[in-house]
Amino acid sequence: MRWLNLLKANTRKEYLELKRYLPNTIAMLLTFYIIFLGLFGTIHFVGDPSTQDANIQYVIVNYIFWFLTITVVNSIGYEVINEAMRGTLEQLSMSPMGIWRIMTARLISTTVINFIIVIALLYLSMATAGQWLNIDVVSILPILVLTLISMFGVGFMIAGLSIIFKQVQAFLQILQFILMALTFVPLSLSPALAYLPFVKGISLMREVMIDGLSISQFGIGDFLVLGFNAVFYFAIGLGIFIYCERIAINKGLLAHY
């Protein structure tokens, strides 16, 4: 019940912030849509016509999941920075739920709200490009959930650094391009890439959405790798966050920006 109330409160908070600062929300969406138009235009006017359709579909999937990855991984870091700037970070640590539970609830609520935006961007991109992907919800959903858990883990790592160092905005901006590389990289380059966070999941979702595969056509090994990544990165990320929180408490960093 406490978890449910925490989730409801943070979902309402995230929604109100997007609504209250609507110009910023619209600007964010326009920025990502313009990036897509740039990628689409490059392929459409410069790319090889024989592989144009496949390349455009590849770009749509990668661009959509790049947006989702940025909002999931970076959001918790910015949440910590904003709370520190407002002087409310220490208050969160005094809550019976603790900072990590509050941040987990915010991660989930931010993901749910941004997922609605992702769906809108996906259909807008498909309509713009005239390329319609295979949206097999039954196949995509379990892969997406496991992929998001590994993203949460990376997000907690970033949040842990934000608690201690506070000013990490420049790093978060650089991280956007690292996330783009991880999102766009094909697994064919090296099998070892499958063990990086969310790379395997996005690769499987590309196979569903572009190649039309279903969940029954993937092997047990694929889901073992997905499950391992989800558990490993979430455990490591949460462990780093809790460790950094303890350092911040011991050094009195929560009360100061």
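**Figure 1. Contacts of Leu39 in the predicted model.** In this predicted model, Leu39 is in contact with Val59 and Phe184, leaving aside its neighbours within four places in sequence. Leu39 belongs to helix α2, which covers residues 22-46. Is Leu39 buried, partly exposed or exposed? Its relative accessible area is 28%, so Leu39 counts as partly exposed; the buried class would need a value under 20%, and the exposed class one over 50%.

**Figure 2. Leu39 and Leu6.** These two leucines lie 33 residues apart along the chain. A distance of 39 Å separates the C-alpha atom of Leu39 from that of Leu6.

**Figure 3. Surroundings of Phe36.** Which residues does Phe36 touch, when those up to four places away in sequence are not counted? They are Val59, Ile60, Tyr63, Ser125, Thr128 and Ala129. Val59 is also a contact of Leu39.

**Figure 4. The largest nonpolar core.** This core holds 73 residues. Phe36, Ile60, Phe65 and Met103 are the members that touch the most other members. At least two residues of the core come from each of α2, α3 (52-86), α4 (89-93), α5 (98-129), α6 (137-165), α7 (169-184), α8 (199-209) and α9 (220-250). Which helix gives the most to the core? It is α3, with 17 residues. In soluble globular proteins, nonpolar side chains tend to be buried together.

**Figure 5. The chain as background to the close-ups.** The protein chain has nine helices and zero strands. Read from the N terminus on, its elements run α-α-α-α-α-α-α-α-α. Along the principal axes, the C-alpha trace spans about 60 × 45 × 35 Å. The radius of gyration is 19 Å, which agrees with the value near 18 Å that a compact globule of 257 residues would have. Among the contacts with a separation of 6 or more, 80% are accounted for by residues 24 or more positions apart.

Figure 6. How many of the 257 residues count as buried? The share is 46%. The accessible surface of the protein chain comes to about 12800 Å², and 69% of this surface belongs to carbon and sulfur atoms. There are 14 positive and 12 negative side chains.

Technical notes: Residues are numbered from 1 along each chain as its sequence is written. This is a predicted model: local features need pLDDT of at least 70, side-chain atom pairs count only at pLDDT 80 or more; totals for chains, interfaces and linings use all residues. Side-chain values use heavy atoms; hydrogens and water are left out. Helices (H or I, at least four residues) and strands (E, at least two) are DSSP runs, numbered from the N terminus. The radius of gyration is taken over C-alpha atoms; the globule rule is 2.2 Å times the number of residues to the power 0.38. Buried means under 20% relative accessible area, exposed over 50%, partly exposed in between (1.4 Å probe, protein chains only). Contact means heavy atoms within 4.5 Å. Accessible areas come from the Shrake-Rupley method with a 1.4 Å probe; for residues, only the protein chains shown count as cover. Lys and Arg count as positive and Asp and Glu as negative; His and the chain ends are not counted. The place of a charge is taken as NZ of Lys, CZ of Arg, CG of Asp or CD of Glu. A nonpolar core is a set of buried Ala, Val, Leu, Ile, Met, Phe, Trp, Tyr and Cys residues joined through side-chain atoms within 4.5 Å.
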